[in-house]
Amino acid sequence: MDRRWPQVARATVLVALAGWASAASGACSVSPSGVHFGMYNPSDGTALDGAGNIAVTCDTLTSFTVSLSTGTGNYSQRRMTSGLGGLNYNLYVDPDRLQVWGDGTGGSLTVPSTLVLGADLSIYGRVPASQNPRAGTYVDTIVVTVTY
């Protein structure tokens with residue numbers, strides 16, 4: 001009797017964040033940390049959640065807005081890649097993962113802050129269930145822009 005066990009593709013997923021600050025006066029810096037999802041198991045049947053952080057520090061009281069690029073994909077569905085494979089995901093401003101963090105277009109939101117020296121902003125990610133990726137390490141790069 002020949003028993004063949006189903007192959008399960010497990011994916012290690014990470015969204016790298018790269019920061020950039022744009023200013024008219026004063027100085028602010030941005031230090032993002034990536035969103036780590038861990039191992040994605042397509043046979044699990046549940047979404048995989050992860051979180052990261054964006055730290056903004058300014059030298060004077062400043063109002064600023066933080067926006068995120070689409071990376072690969074668009075604001076309705078971002079996409080991580082590994083070689084020829086792909087894995088859908090998105091990034092959110094809220095822990096319930098209902099409001100997509102973007103640049104204010106395509107239904108996305110930006111995160112404003114008013115007259116502060118800085119802020120630690122949580123970023124929430126979700127990889128939807130029931131995808132069938134190839135085994136591999138999946139990544140995407142998102143540009144974080146701080147405008148003040």
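Partly exposed here means a relative accessible area between the buried limit, under 20%, and the exposed limit, over 50%. The legends below describe a predicted model.

**View 1. Leu 117 in a nonpolar surface patch.** Leu 117 has a relative accessibility of 49% and therefore counts as partly exposed. The residue belongs to strand E7, which covers residues 111–127. Together with Leu 61 and Leu 115, Leu 117 forms a nonpolar patch on the surface. The accessible area of these three leucines together is about 320 Å².

**View 2. The salt bridge between Asp 49 and Arg 97.** The two side chains meet at 3.6 Å, taken from N to O. Asp 49 is in strand E3 (residues 48–68), while Arg 97 is in the loop between strand E6 (85–92) and E7, so the pair ties together parts of the chain 48 residues apart in sequence. Arg 97 counts as buried because its relative accessibility is 13%, under the 20% limit. Asp 49, with a relative accessible area of 33%, is partly exposed.

**View 3. The salt bridge between Asp 49 and Arg 126.** The side chains of Asp 49 and Arg 126 meet in a salt bridge at 2.7 Å, N to O. This pair also links distant parts of the chain: Asp 49 sits in strand E3 and Arg 126 in strand E7, 77 residues apart. Arg 126 has a relative accessible area of 27% and is partly exposed. Through salt bridges that share partners, Asp 49, Arg 97 and Arg 126 are joined into one network. The count of salt bridges comes to two.

View 4. The chain has eight strands and zero helices, in the sequence pattern β-β-β-β-β-β-β-β. Among contacts between residues at least 6 apart in sequence, 73% join residues at least 24 apart. Of the 148 residues, 39% count as buried. The chain exposes about 7800 Å², and carbon and sulfur atoms supply 52% of that area.

**View 5. Residues 1–13 and the confidence of the model.** Over residues 1–13, pLDDT stays under 50. The model has 34 contacts for this segment beyond four places in sequence. Where pLDDT is low, predicted coordinates should not be read in detail. For the chain, the mean pLDDT is 85, and 82% of the residues reach 70 or more.

Terms used:
Residues numbered from 1 in each chain as written. Predicted model: local features only at pLDDT ≥ 70, side-chain atom pairs only at ≥ 80, totals over all residues. Heavy atoms only, no water. Patch = residues over 30% accessible without salt bridge, like charges linked within 9 Å, V, L, I, M, F, W, Y side chains within 5 Å. Areas by Shrake-Rupley, 256 points an atom, 1.4 Å probe, with all protein chains shown as cover. Salt bridge = Lys/Arg side-chain N within 4 Å of Asp/Glu carboxyl O. Helix = DSSP H or I, 4+ residues; strand = E, 2+ residues; numbered from the N terminus. Buried < 20%, exposed > 50% of the residue type's maximum accessible area, 1.4 Å probe, protein only. pLDDT = per-residue confidence, 0-100. Contact = heavy atoms within 4.5 Å.
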